Amino acid sequence: MRIVLDTNVFVSAVLKVNSLPFLVVRWIDQHGGLLKSVTTEREILSVLARPHIAAVTIPTFRDDLAKMLATAEQVTIIERIAACRDPHDDKFLELAVNGHADLIVSGDGDLLALNPFRQISIVTPAIFVLGVAR
């Protein structure tokens, strides 16, 4: 399975162990399939490095996330997309389309409102855990 994770899923996972986003990240860590682009990886690492987030992140979990990102499949963005009501989120749509993703996991209402996007499902962490990660 080829999966795009929105940054908010990573942030929620580091803030609350055993939360639904945490379970999503753990499932992907165990099964693989994570897609990344230069832009999405940069954003994830930048947000997780913010002092107020880094201060509450367990160091081993941060290391595990770094390893997961290092092994994620790098996707080159060829087709640009401007479809989301929040243009900041278009990078996740671009990653999904260019990387031939099966789904996007996000807690962002702007992305979820587009479900499905070009036949790519956009689901919440709860839907992912209930439907895929069983």
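Here are some questions and answers about salt bridges and a cavity in this predicted model.

Residues are numbered from 1 along each chain as its sequence is written. The model is predicted, so local features need pLDDT of at least 70 and side-chain atom pairs count only at pLDDT 80 or more, while totals for chains, interfaces and linings use all residues, and side-chain values use heavy atoms, with hydrogens and water left out.

User: Happy to start with charges: how many salt bridges does a search of the whole structure find?

Analyst: Side chains of opposite charge can pair when their charged atoms come close. A salt bridge here is a side-chain nitrogen of Lys or Arg within 4 Å of a carboxyl oxygen of Asp or Glu. Searching the whole structure on that basis gives a count of 6.

User: Which residue forms a salt bridge with K36?

Analyst: K36 is buried, at a relative accessible area of 7% (buried means under 20%, exposed over 50%, partly exposed in between, with a 1.4 Å probe and protein chains only). The closest N and O atoms of the pair are 3.2 Å apart, and the partner is E41.

User: How many residues apart are R118 and E79?

Analyst: The side chains of R118 and E79 meet in a salt bridge, 2.5 Å from N to O. R118 sits in the loop between helix 7 (109-112) and strand 5 (121-123), and E79 in the loop between strand 3 (73-74) and helix 6 (90-98); helices (H or I, at least four residues) and strands (E, at least two) are DSSP runs, numbered from the N terminus. The pair links distant parts of the chain, with a separation of 39 residues.

User: Is R85 buried or exposed?

Analyst: R85 meets D110 in a salt bridge, 2.4 Å from N to O. D110 lies in helix 7 and R85 in the loop between strand 3 and helix 6, so the pair ties together parts that are 25 residues apart in sequence. With a relative accessibility of 61%, R85 counts as exposed.

User: Now the cavity: which helix gives the most to the lining of the largest cavity?

Analyst: A cavity is a set of points, on a 1 Å grid over the protein atoms alone, where a 1.4 Å probe fits but cannot get out, and lining residues have an atom within 4 Å of a point. Among the lining residues are K36, T40, E41 and I44. Strand 2 (35-36) and helix 3 (38-48) each supply at least two lining residues. With 3 residues, the top contributor is helix 3.

Definitions and conventions:
1 Å grid on protein atoms, 1.4 Å probe; cavity = no way out; pocket = protein on both sides within 12 Å on 5 of 7 lines; lining within 4 Å.
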